[in-house]
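Let's look at how the parts of a protein meet. Keep the structure open beside you as you read.

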Amino acid sequence: MRLTLKIWRQADAQASGALKTYDLDGVSEDMSFLEMLDVLNEQLQGQGEEPVAFDHDCREGICGTCSLMIDGQAHGPEVTTTCQLHMRSFRDGQTITIEPWRSDAFPVVRDLVVDRSAFDRIIASGGFISANTGSAPEANSVPAPRDKAMRAFNVATCIGCGACVAACPNGSASLFMGAKITHLGELPQGQPERGTRVVDMVAQHDAEGFGGCTNIGECAGACPKEIPLDVISQLNKDLRTALRNGH
Amino acid sequence: MASNADVSGLTVLTQAPTQTSDDAHGYYTPGEPVGDTKAPAGLIAERWTKHKMDNRLVNPANRRKLDVIIVGTGLAGGAAAATLGEAGYNVKSFCYQDSPRRAHSIAAQGGINAAKNYKEDGDSTYRLFYDTVKGGDYRSRESNVYRLAEVSVNIIDQCVAQGVPFARDYGGLLDNRSFGGVQVSRTFYARGQTGQQLLIGAYQAMERQVAAGTVTAYTRHEMLELIVVDGKARGIIARDLVTGEIETHLADVVVLASGGYGNVFYLSTNAMGSNVTAAWRAHRKGAYMANPCYTQIHPTCIPVSGDHQSKLTLMSESLRNDGRIWVPKNAEDCDKDPRDIPEEDRDYYLERIYPAFGNLVPRDIASRAAKYVCDEGRGVGPMVGDFRRGVYLDFSAAIERLGRDGIEEKYDNLFDMYERITGENPYEVPMRIYPAVHYVMGGLWVDYDLQSNIDGLFVTGEANFSDHGANRLGASALMQGLADGYFVLPNTIRDYLADGPFDKIEESHPDVVAARTSVEERVQKFLSINGNRTVDSYHKELGHIMWEYCGMERSEDGLRKAIDMIRELKADFWTNVKVLGTADSLNQSLEKAGRVADFLELGELMCIDALNRRESCGGHFRAESQTDEGEALRHDDEFAYVAAWEFSGDNEAPVLHKEDLVYTAIEMKQRSYK
Amino acid sequence: MAGSGIIFILFVLLHMYGNLKAFGGETSFNVYAEHLRTIGEPMLPREGLLWVIRAVLIVSLVVHVWSAAQLWKRSNAARTQKYAVKKNTHSSFSSRTMRWGGVTILLFLIWHLINFTIGKVNPAGGPTNNPYELLVDSFSTWWVTVIYLVAMAALALHLHHGTFSSLQTLGFTNSAAARKRARAAGWVVAVVIAGGFSLVPLFTLFGVIDY
């Protein structure tokens with residue numbers, strides 16, 4: 001395959017960036033999207049040009065490091081992560097535009113790399129269950145209804161990649177937040193902090209500069225782990241309950 | 001498991017080994033035996049309890065004055081940061097990733113073992129201990145393993161309390177499955193994402209401490225040097241990967257939880273960033289590297305599809321429960337559509353060679369068998385290099401037996417993943433699999449307290465060597481990481497810290513300055529060579545050498561050849577590598593250059609270790625040590641020891657220190673799967 | 001947004017129902033219009049309830065517009081650097097046009113109040129003190145009906161997403177099934193209300209509703 005790539009290049013957070021066009025030949029459809037970028041980078045270095053910086057690590061769809069807005073879609077045209085996207089999803093001769101996640105809460109570090117530490121701060125604000133090591137009761141002393149445990153698991157599969165924010169026309173991180181609130185809120189262990197958790201996390205979310213949710217639904221469509229929109233409803237419900245209870 | 005011997009732990013059941021072979025002669029210098037392992041004696045079931053009592057305490061008021069550096073935020077590092085933060089120590093946590101949540105523990109699929117015996121199927125602490133030592137082919141330290149089995153139950157309690165959504169049965173209680181060929185159901189799991197869920201639990205606990213102010217997280221930071229002052233580890237030199245700034249971080253104690261080094265093979269199931277640098281820098285500062293040649297190669301990975309391949313993806317081992325592994329009997333059939341090859345022309349080689357276990361033989365046996373049939377030219381799939389590297393894993397019989405729905409229910413997500421990567425539908429065409437490097441049992445040497453031979457340097461998780469011997473059982477890596485992080489390290493590190501806070505040292509201390517200068521010089525060196533080859537091309541070549549000669553089967557001649565090739569490659573690297581860009585910005589090529597430089601040194605040591613160990617044990621198979629039937633042959637009389645290697649200078653022969661393995665609670669046996 | 005939005009949904013539902021009285025002829029419609037002013041008498045003064053409703057609507061309008069402005073502002077601040085290429089593949093047209101749709105409806109509302117409530121403008125130059133005549137005269141004018149129908153299209157879109165969105169914001173859509181029902185409710189509300197409103201002007205324009 002032969003491709004034309006328009007890639008966002010930006011030297012650092014302060015610099016202004018621009019899309020730069022590259023031609024790449026000899027792309028195999030068995031390559032993953034990131035392997036295609038590896039090939040481009042080898043080619044660029046051969047020409048004495050600095051390689052394109054992009055985030056990636058496990059390359060098996062679970063660590064959440066990889067990102068990329070590929071032709072206007074977070075993680076590209078398939079429901080998966082960029083590292084699991086393969087070139088057979090593209091056609092010979094195609095022009096592909098590759099941009100970083102665009103969100104003021106995720107400032108660009110370099111080229112396609114962004115800083116997602118806002119997510120860590122949202123978790124630190126309340127996305128946990130306070131259980132000091134050693135203080136745990138016997139695991140089976142508190143049964144958790146199977147359906148609730150399954151819902152908790154289904155939404156706990158969030159990989160924190162930020163595709164929801166990238167895809168959201170409002171730049172909101174409600175899906176990310178809702179996934180954590182639903183995960184912990186469905187489990188008996190998560191009940192004591194349920195009220196403070198949602199209030200604190202939402203406050204941190206807003207302070208980070210993420211946009212407000214208007215239930216558009218692009219987030220759930222872009223989520224490589226298919227986290228459903230109902231976690232946002234759950235978030236809202238928990239928030240309403242918490243505020244009513246004076247949190 | 002029946003045994004006539006007294007297994008209380010009060011009597012030594014083994015004899016000290018005496019090595020008679022010396023394959024690595026000339027490549028190493030013999031050294032003194034390893035000194036104190038601090039492994040307690042007495043009844044095996046009471047050793048950890050007694051040791052915890054003997055370890056000194058740290059006054060809570062003093063804890064905030066004690067600085068602890070933890071490198072790595074996987075299960076071992078993240079759990080330790082959370083726990084030590086909760087205890088009130090002043091923790092600095094480092095990771096190269098953009099968030100602590102991304103450490104590669106996250107990718108573990110299968111589950112985590114714990115001797116809860118919820119199924120009342122005869123499990124116990126002793127049985128988990130027994131299985132782990134046996135699975136490690138009697139090359140681990142028994143006191144450590146027993147402790148691991150003992151704390152396994154606490155891990156599950158802790159994780160459930162944190163909100164880890166383990167699978168549950170209809171009554172709302174925890175579900176278990178049997179995993180990796182063991183006969184009891186002791187594996188707790190969260191679908192195929194157990195590692196992710198456990199890591200997120202540890203990460204959240206750690207972030208809670210970040211908010212509480214006890215833990216400071218330094219993300220996108222890479223440790224590039226260990227600071228040793230007066231024989232004690234006192235800090236690290238790290239590079240801020242965003243700004244490029246070289247930073248000095250001083251502390252009272254340093255913990256390395258930096259994971260394994262499987263990426264020395266270039267292609268592995270590890271994350272792209274997984275590296276040996278933190279451990280290797282410590283090794284160069286005097287920490288022993290133990291059993292570096294012990295590598296686990298996983299038989300069920302998606303095969304290489306071409307030169308562009310950057311990593312290999314593991315497919316859960318559970319697939320072997322229903323899939324049948326075969327290759328064509330005749331090499332000329334290898335490029336045919338497998339569905340057109342009649343039954344009588346297929347060689348179900350595992351079922352043929354191992355009728356008792358069939359497709360469920362242990363990982364190393366299944367891996368080696370696949371290698372042999374491919375070496376014979378009977379591999380399938382695309383040509384990679386000069387032959388095809390793949391065997392079929394065929395579900396057509398299982399689909400006939402269980403129906404497509406039955407298979408879908410069990411393996412749908414795996415089948416989807418396979419199709420996404422290969423573009424082939426495994427419901428219609430047999431899957432292709434090939435072994436890949438997955439885990440390393442070797443690592444920095446530690447004593448019972450998880451302290452290396454450098455005072456104040458502790459090593460946990462995959463980065464240390466201690467618990468898995470020569471091979472690791474399935475669902476035991478997560479167990480070890482969390483055991484170390486939540487329960488072992490916090491109880492052993494306090495004995496060391498009871499002597500602290502240590503004398504303050506300044507950044508101007510000559511040893512600190514020297515460490516920092518060496519890092520700065522190294523960075524400048526990479527940028528100034530300005531040669532013709534990219535870092536990746538060296539990494540690929542090293543990986544190729546390691547895979548060919550220090551992979552599934554190792555031989556004396558091959559290892560010697562590999563050592564020569566690696567030395568040549570290393571020399572070329574330092575004169576001809578090309579690293580573009582600057583030191584003061586995000587520069588991924590520069591990061592890789594440092595990692596590959598360390599892999600080159602490690603690769604050589606792995607080959608020397610493999611050359612010295614003229615026996616086959618666990619993940620290490622020496623062609624010269626096999627039975628008449630081609631099975632692995634251990635030599636306990638010669639090699640029942642831990643090989644702890646000391647660095648003695650660039651291009652100098654390393655020094656071999658031996659720690660004899662003493663068993664008091666388990667008898668050594670030769671395994672057989674025929 | 002959700003609370004004030006639901007108040008508006010209820011209001012337009014009642015308003016639409018009232019408008020259909022026009023099909024009953026002049027008496028039916030004018031009696032209804034007068035009744036609105038006398039509900040609750042003598043407990044309440046004349047137009048008492050009407051003013052209560054107006055007060056609630058005005059407060060809701062302020063809250064709704066203010067919230068929308070906040071969301072709009074946050075949304076703009078959350079992504080100052082726009083994408084060169086952006087595809088929206090998992091959202092309805094209505095969900096992405098809430099803001100401009102809302103502005104359209106607001107502008108229409110101003111015209112609508114001038115037309116029928118505050119200003120009582122009769123485009124045909126006829127009387128303005130007879131609600132039925134005012135209605136017939138207005139909708140017999142083609143461009144008034146066009147303005148009205150365009151506004152109803154905007155209202156339909158706004159209600160389609162607004163109904164679903166308010167249920168989601170209030171936390172009533174915690175499962176795939178509930179979400180599906182909420183989406184269906186959006187369709188029903190949009191079609192019934194906007195459709196219902198459109199009947200009177202259309203039938204007037206084509207002479208079915210006449211003096």
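This is a predicted model: local features need pLDDT of at least 70, side-chain atom pairs count only at pLDDT 80 or more; totals for chains, interfaces and linings use all residues.

On the domain 1 side, three residues lose the most area to domain 2: A:V79, A:A105 and A:F106. Together they make up 36% of what that side buries.

You can find the domains along chain A using their bounds: the domain assignment places domain 1 at 3–110 and domain 2 at 116–244. Their centres, taken over C-alpha atoms, are 29 Å apart. Each domain brings 18 residues to the contact.

How many salt bridges does the rule find across the interface of domain 1 and domain 2 of chain A? There is 1.

As for the kinds of residue, the side of domain 1 that touches domain 2 has 9 nonpolar, 8 polar and 1 charged.

## Where chain C meets chain A

Now turn to the meeting of two chains. Chain C places 35 residues in contact with 43 residues of chain A. The area buried between these chains is about 3100 Å², with 42% of it on carbon and sulfur atoms. Why quote an area at all? The size of an interface is often given as the accessible area lost when the parts come together.

## Links between the chains

Between chain C and chain A, the count is 2 salt bridges. A pair to look for is C:R179 with A:D230, whose side chains meet in a salt bridge at 3.0 Å from N to O. The rule also finds 32 residue pairs in polar contact across the interface of chain C and chain A.

Which elements of chain C give two or more residues to the side that touches chain A? They are α3 (48–78), α4 (93–96), α7 (142–169) and α8 (176–205). Sorted by kind, the residues on this side of chain C are 10 nonpolar, 16 polar and 9 charged.

Definitions and conventions. Residues are numbered from 1 along each chain as its sequence is written. Chains are lettered from A and ligands numbered from 1 in the order in which they are written. Side-chain values use heavy atoms; hydrogens and water are left out. Domain bounds come from an automatic or database domain assignment. Contact means heavy atoms within 4.5 Å. Buried area is the accessible area (1.4 Å probe) that two parts lose on being put together, summed over both. A salt bridge is a side-chain nitrogen of Lys or Arg within 4 Å of a carboxyl oxygen of Asp or Glu. Ala, Val, Leu, Ile, Met, Phe, Trp, Tyr, Cys and Pro count as nonpolar, Asp, Glu, Lys and Arg as charged, and the others, Gly among them, as polar. A polar contact is a pair of N or O atoms within 3.5 Å; within protein, one must be able to donate a hydrogen and the other to accept it, and residues adjacent in sequence count only if both atoms are side-chain atoms. Helices (H or I, at least four residues) and strands (E, at least two) are DSSP runs, numbered from the N terminus.
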